[in-house]
Amino acid sequence: MNDIAVIAPALDEHRDEGPLRMLALKAGDCFLVADGHGDILGGSDGLFDADTRILSRLKLLIGGSGPTLLSSGVSSDNVVFTFHGANRPLPPAGGRQVPPGVLHVERQRVVHADRLYERIRLTNHGLDEVLAPLSIEFAADFKDIFEVRGQTRRKRGRLERPVINGRQVSFRYEGLDGVVRTSVIAFSEPPARLYPDRADFLASFQPRTSYELFLEVGPAFEDIPDERRFRIATAAARKAMRTRARLGVTPRSDSPAFNRWTTQSRVDLALLTTELPTGRYPYAGIPWFSTPFGRDGILTAWQMLLFDPGLARGVLSYLASRQSTETNAFRDSAPGKIMHETRKGEMSALGEVPFGLYYGGVDTTPLFVALAGDYARRTGDMVLIRQIWPALRKAVEWLETQGDSNGDGLIDYARAAETGLSNQGWKDSYDSVFHSDGRFPKGPVALVEVQGYAFAAWRAMGQLASRLGEPGGEAWTARAETMRQAVEDRFWMDDVGGYGIAIDGDGRLCRPLTSNAGHLLFVGLPSPERANRVIETLSGAAFNTGWGIRTLARGESRYNPMSYHNGSIWPHDNSLCAAGMGRYGEREHLGRLLRGLFDTASDMGMRLPELFCGFPRRPGEPPVPYPVSCSPQAWAAGSVFLMLQSLLGIEVDAFAGEVRITRPRLPAGVNRLSLPNLAVGDCEVDLVFERVREGLVVASATRCHERLRVTTVS
């Protein structure tokens, strides 16, 4: 990510319920973040379209006060937000005062295409007629998402005075980039009074009857909001979500709780995935990262490769199309580099931030190549590989030339401009790379996991070149082995049983123990002996909290369990470490990691956040949330699938027409699990795993295509 966002809990001066969690809806490039009441209060929340906030306030008042909260949440398919509440005492009308709790207040909303649709329903459960003053406050500030995140601007464009027209208010902003951005809020009935920032209605209804109001917000007025439009939008949004969530394979088990976790993770990925001209792409997360990120998209696709390889196809196609062709210090680009991030807002267009099309990630380029190799092996799809082969060639050319600025065989980074990221691996906060005494290293910096990714990239190129009949395969394979030896020689610390995090510009090793070493296990670089020592280190109390593995070992100079990268727990990081353990045959520690994250998800509505605090687990106490963690987050949602694949010991080789299952284990609490309709090339198979006794799981295959072979080793 490009920096650390601060999201303040939503607080309302008219409420006494305390801090409210933020809830999100998304469709394409449009997403909504609001509090549990459904209100937008102008902090970090709002309705955003193409990285611009087109609605910065939306607040419901009944009799001048917000309703009390009974319950609220988003439907299990991530489509509909629903709020249930009750009125506070209403001011006297007609000589009668309405006591609290007489009116049931329901808000339902959906985001479809580039519009917000909302229905507000008040139901009178009293014995008398009610006259209820209802107001909706609204505003549109057209702030760029980086402004919302706290970045100041010396100058903004021209925000025109809102235009009132009967039952709608139109907002218009002419940006400094010359683009006119508009937003319109419209109501199903004309308000009694309509102002540039508020609409007042008087709801009159008899006992046991309801009053309904519909509103819509979008870039333009389409038609008068009504129940029909609301229902059509809801049905269309639900159909689109079902289509995305049903792609690929969803595991099914005899544990309802485990099923809820995998189902929630699938619908979270479906929510975040956007259909681009090049195919499906998982946007990184809401609210700050609802856009294509290179690293996040690659790792999410990798996590889902067994279950939904089409996601990797979309990611590879898109990133190949955005590969850099020029050298630009501001964008940190060079020919062959793969994109780190792209944005569509005004500040990006003007160059106030470099993230319109930014390449300041040292790991995205080798990860792109390595994913292509695993995708080909998983699917046998050499048609796509042939199409993106020029991009793969250019990517490794960058690795071999500009990726190694020191000429020492290691892939390193140093930001090309002060506006860029100071650290360019996945731990990209300013303080995430340091020496044991806390000093920051002199650049350029060579991160240990990036060398592992480069090793995997050259290995993949050697294999792909051989299959395509292209030259250079043997040289790339040899380059991979050279990198393996360089990492073993220069990063290994035998005295502590681990790998240092980085080598600085003076050739000195940064020795803090971090979770980065687990990524080397993921790509299979370490020798078995050293891999076993890393596994034991990561599984020890300095790293493993009982909820998961910390990013930094307890006791290191910058350790802080509340930090972003120096002691917190990231589910995606844990999934790569766990998959690495599985690669080296370790199942027990892997199973405990999966159980820890399952317990975490259980305490967080079955949705793993971007990260959470790295405090040790205590009996009867839940995990400690990280206050500004994005949720949902794509690679957090994908974590369960990579860990499950590793625990089941499944490998697919589409070229050989083989599915190999080695020493399968089932998650704790699961005795039977199936993977129906697993596609390998044009063949399908159903896999079933059953626990016979503790420590022994039997795998079987049914409906197996005659051209497909399933082999098992218990």
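Trainee: What makes Arg558 lie over the face of Phe434?
Mentor: A charge sits over a ring if NZ of Lys or CZ of Arg is within 6 Å of the ring centre and within 35 degrees of the ring normal. Arg558 is at 5.9 Å from the ring centre of Phe434, over its face. Arg617 likewise lies over the face of Trp547, at 4.0 Å from the ring centre.

Mentor: A word on the source: this is a predicted model, where local features need pLDDT of at least 70, side-chain atom pairs count only at pLDDT 80 or more, and totals for chains, interfaces and linings use all residues. Residues are numbered from 1 along each chain as its sequence is written, and side-chain values use heavy atoms, leaving out hydrogens and water.

Trainee: How many aromatic pairs does a search of the whole structure find?
Mentor: The search gives 24.

Trainee: Why is the pair of Phe138 and Phe187 called tilted?
Mentor: Ring centres of Phe, Tyr and Trp (its six-membered ring) must lie within 6.5 Å to pair; planes under 30 degrees apart are stacked, over 60 edge-to-face, the rest tilted. Here the centres are 6.2 Å apart and the planes at 50 degrees, so the pair is tilted.

Trainee: Why does Phe138 count as buried?
Mentor: Buried means under 20% relative accessible area, exposed over 50%, partly exposed in between (1.4 Å probe, protein chains only). Phe138 has 1% relative accessibility, so it counts as buried. Phe187, at 0%, is buried too.

Trainee: What makes Phe142 and Tyr173 stacked?
Mentor: Their planes are 10 degrees apart, with 5.8 Å centre to centre. Both residues are buried.
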